[in-house]
Amino acid sequence: MESLLKSPMKLVLLTAWLSSLMDPCSLANICGSCHRLAACKALNGSNAACFCKHGYTGNGKDFCNDDNECQNVTNICGDRGSCTNTVGSYYCTCISGYTSTGAAKFQPNDGTECIDIDECKSGQACVTNSHCHNTNGSFYCTCQRDYIPTSGTKHFHPGRGVKCKEHPQKYCHDNIGCITQTVNKTLEYMSNLTEPQSLLNEIAQRTSGELTSVEVIAFVEALCRSASTLAAEEKDYAVKPSVINSTLTKLVKAVNNLVEKDELVAWSRMKEDRREHTITKLLHTVEESALTLANTHRAPAEIEIKASEMELKVFTFDVRHMKATLSASMGGDQINLTPKLRPEAERNGSVSVVFVRYDSIGDILKMSSDPGVTDYSRRAEAGEITVNSQVIAAAVKPADVYQLDHVTFVLKHNQPVDAAADGTSCAFWKYEPGSFRGHWATNGCKRVHVSSNATTCSCNHLTHFAILMSSGRANLVAHNTILTRITQLGMIISLICLSMCIFTFWFFSEIQSTRTTIHKNLCCSLFMAEFIFLVGINMNTHKLFCAVIAGLLHYFFLAAFSWMCIEGIHLYLLVVGVIYNKGFLHRNFYIFGYGSPAVVVAISATLGSKYYGTDKVCWLSTENHFIWSFIGPACLIILVNLLAFGVIIYKVYRHTAVKRPEISHYENIRSCARGAFALLFVLGATWTLGVLHILNETTLTAYLFTLANAFQGMFIFIFLCVLSRKIQEEYYRLFKNVPCCFECLR
């Protein structure tokens, strides 16, 4: 190199060579040789060169081949997309069951995603009598309760021609022979599964979905069999803790399937004694199975398993290291176990403690008649006893090693209570393990504190605990029979009295007037209303027929109120001395008396026909305040009559003081006013008590409303007929020639 720099000629030649390299014409030759799918460009300050375009790979001069991004880049479109290669590019599309948030063809860097299609929203994805269940990218169908698929598998797709047919065991729970046969068949099938885990797993799978009542009974028996298997193998069942945890998880899953809210329908169809026996056996089985599995733990352990509607906690510990108080919090409820103090030398052995919480079994454990809490029923007056909390249970094994002193628990209320008006009690589910006949009892438990949202209790024993409530606004179950008998007797007496009123107003020509016409139509309307009430109020088995009964009651009771309003209007016209055409007035009275109720009922039926008839009685539903379609017009009529009577009283006394009208005219007005006011009092007071009972359901309002409503026909007969001097005279003339009656009437 040194010799090159020293020679001038050589230096000139080097300069000429470098100049040739930098020649623009040479650069043009390089770019001109690029492939058609390449571009000539300089990168990072270097000399220009040929580079393949985006989406192609090659040397830029001789070849540029298409990049297959779908193969070269792993999962470029994501799990929910499908990749399609194109020349120089690619695009993504959503796979079946998903839809794009943007264009149908997209690239992942433009913000477009694939989201799940909810096939169940259309309501037509599954066949008749089935439920649709959406999943990510797909869906499946299950048959409704009381139906089974023709394929034999619970989960199916409608495209395979599967249909739902009526379950052959739909009414099996009503037949003891059918129950026995189904239970035996289920147990025979389960007997092939000797491993506890596989047995519980099979029960969990077969109890998913809606069950018939007999299936609930059969699988509870199967769970009881699994508990027996666990107890038989307890001594030899030395397995890993993970296996024990897995078995407990399967147990909770199977039990949760049986007691979830959707299965309350199946439980409610059972006869009371069968339901009581089955739920008690289930609670006992869960407690025993959990304790048995917990005892297989050879080391201290704490296990917590949650399901949708139940929770299980298991504690295993050496009694020498036990705490002064063992506590567990589940679903917002708190339970604390306090053992008896024992000398440390006497503490020896391992103890297992199980806590269980159930969300939805309160309605299953609610019995219509329960002798175990009769003392509580008396304290709570006449209210229906309801379970107003979750049910929480605690069990210890062995009990002689961990001797309980007392248990305290705080349970949240399902519904807020009024400490002054509502009665609450700490109760436990008492049963004998042999017969599994259980009921609520309160002995050994006391209430420590009550707030509107929770109750604190203390008991001296362990079992299943809950808060029982009897509300001052309860359904008055204890008095239903008496109230029903009073209603029936009162209605019969009222119908007889109303028929006598109608006969009186029709038969005696001497008393015929506008007023008797009004009374006659009022009594006819009330007679029809009370007759329909007596015959059809409880005919709620057929929905349409029950709705018709409710509509007729609505119409005739409103008609009675309309004629009462006409009575007030007529009396007002009489007092102010308006001259009117009798025929014209009567025609308008009939239009108002029978037409206005028809308009109200027609509008009500159009806007809310589904509220005519309830599950209990054929009357207007209180849901969405629909009952006010009757109470509203009735209150308006009462208000109009009160205003009319105010004007009448003012006019009568003013004219009496100033103009001194004739005594006969004054007596006539006073007599009419007395009768009209009596009608207003009878009908108005009756339904005023009805409104009070709706707003504040108590024993007192129930009896007052029942007495007033049932005997209102008798009261009307007394006020309009028995106390009327004119009608007394007519009956006197009718019977004066009859020897047996003359002495009585004289």
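Predicted model: local features only at pLDDT ≥ 70, side-chain atom pairs only at ≥ 80, totals over all residues.
Rolling a probe the size of a water molecule over the atoms shows where empty space is left. In this model, one cavity of 30 Å³ or more was counted, and the largest cavity holds about 30 Å³ of space. Its lining is made up of Leu283, Val286, Glu287, Val354, Val356, Tyr358, Ala393, Ala394, Ala395 and His464. Sorted by class, eight of these lining residues are nonpolar, one is polar and one is charged. Three elements, the helix α10 (272-295) and the strands β17 (350-358) and β19 (391-397), each contribute at least two residues to the lining of the largest cavity.

Attention now turns to the sheet. Strands of a sheet pair through backbone hydrogen bonds, either parallel or antiparallel. Here, five strands form an open sheet in the order β15-β16-β20-β24-β23, and their pairing is antiparallel. The edges are taken by β15 (326-330) and β23 (445-450); each has a single partner strand, so one side of each lacks a neighbour in the sheet. From one strand to the next, the twist averages 15°.

Strand β20 (residues 404-412) is joined to strand β24 (residues 454-459) by six bridges, in the antiparallel sense. One of the positions to look for in the structure is Val410, whose bridge partner in β24 is Thr456.

Definitions and conventions
Residues numbered from 1 in each chain as written. Heavy atoms only, no water. 1 Å grid on protein atoms, 1.4 Å probe; cavity = no way out; pocket = protein on both sides within 12 Å on 5 of 7 lines; lining within 4 Å. Points joined across faces, edges and corners; volume = space filled by probe spheres on them. Helix = DSSP H or I, 4+ residues; strand = E, 2+ residues; numbered from the N terminus. Nonpolar A, V, L, I, M, F, W, Y, C, P; charged D, E, K, R; others polar. Pairing = 2+ DSSP bridges. Axes fitted to C-alpha atoms, helices over the stretch in contact; angles between N-to-C directions.
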